[in-house]
Amino acid sequence: MLDGARYRWTAEGRPLVAEEPPAAAPAAYEPVRRVERMRIHRDKMLKALGGATVILDGRSHEEYSGQRVGGPVGPDVGALRYGRIPGARHLFFEELLDANKAFKPAEELARLVAPSGAAADKDIIAYCRMSHRATVLQFVLTQLLGYKKVRVYDGSWTEWGNLVGVPIEK
């Protein structure tokens, strides 16, 4: 993972090249086993509603408040219904990043996460629209803050906002 991506890389004055690098020599690779416990699916998500689990919505304010179903830039598509999963707390993933898209220091991350009710001893489920932004929340909580019980709702709002009969909050 490149913390800060190209934004931080260029801000630090590191070189960029346009030439394609030579092909790497083949290497033996043993893939790691997929960590299924970090994911949660629809039926378990429904069971988590109204319980002690902290549900974190990593989408923009406009998506969380039900003004949009798509991200803040681009077409407003992705689900038929607008809103959020009932009881979800808002924690926009970009608030965890600095101007260069690098992760903020752990002390600041802890301060930003605290108002959401998420804590190391609680079960936490993160979601967004397609689970991409939710994985940023999951990474921050598990890898940078040391939380152990954090899962990502795999279907996220694209699934939830298209399901018939599930509750939605605005």
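The protein chain exposes about 10400 Å², with carbon and sulfur atoms supplying 55% of that area; the figure comes from the Shrake-Rupley method with a 1.4 Å probe. What you're looking at is a predicted model, so local features need pLDDT of at least 70, side-chain atom pairs count only at pLDDT 80 or more, and totals for chains, interfaces and linings use all residues. Residues are numbered from 1 along each chain as its sequence is written, and side-chain values use heavy atoms, leaving out hydrogens and water.

Of the 170 residues in the protein chain, 36% count as buried, meaning under 20% relative accessible area with a 1.4 Å probe and protein chains only, against over 50% for exposed and partly exposed in between.

Now for the fold. The protein chain has six helices and five strands, and from the N terminus on they run α-β-α-β-α-β-α-β-α-β-α. Both kinds of element are DSSP runs numbered from the N terminus: H or I over at least four residues for helices, E over at least two for strands.

The five strands make an open sheet with parallel pairing, in the order S1-S5-S4-S2-S3. At its edges are strand S1 (39-40) and strand S3 (89-90), each pairing on one side only. Two strands pair here if DSSP finds at least two bridges between them. In general, strands of a sheet pair through backbone hydrogen bonds, either parallel or antiparallel.

Let's walk through some of the pairs. Strand S2 (residues 54-57) and S3 are parallel over two bridges, with leucine 56 opposite arginine 89 in S3. S2 also pairs with S4 in the parallel sense, over four bridges, and there the partner of leucine 56 is alanine 126. Moving on, S4 and S5 run parallel and are joined by three bridges; isoleucine 125 has arginine 151 in S5 as its bridge partner.

Lying across S2, strand S4 (124-127) and strand S5 (150-153) is helix H5 (residues 132-144), which runs at about 175° to S5. That angle is taken between N-to-C directions on a scale from 0 to 180 degrees, using axes fitted to C-alpha atoms, for helices over the stretch in contact.

Serine 131, in the loop between S4 and H5, has a phi near 80°, a positive value in a residue other than glycine. Serine 131 counts as buried because its relative accessibility is 12%. Serine 156 belongs to helix H6 (residues 156-160), and its phi, near 45°, is likewise positive in a residue other than glycine. Why does serine 156 count as buried? Because its relative accessibility is 0%. Leaving aside residues up to four places away in sequence, serine 156 touches Tyr127, Cys128, Arg129, Met130 and Ser131.

Terms used. Contact = heavy atoms within 4.5 Å.
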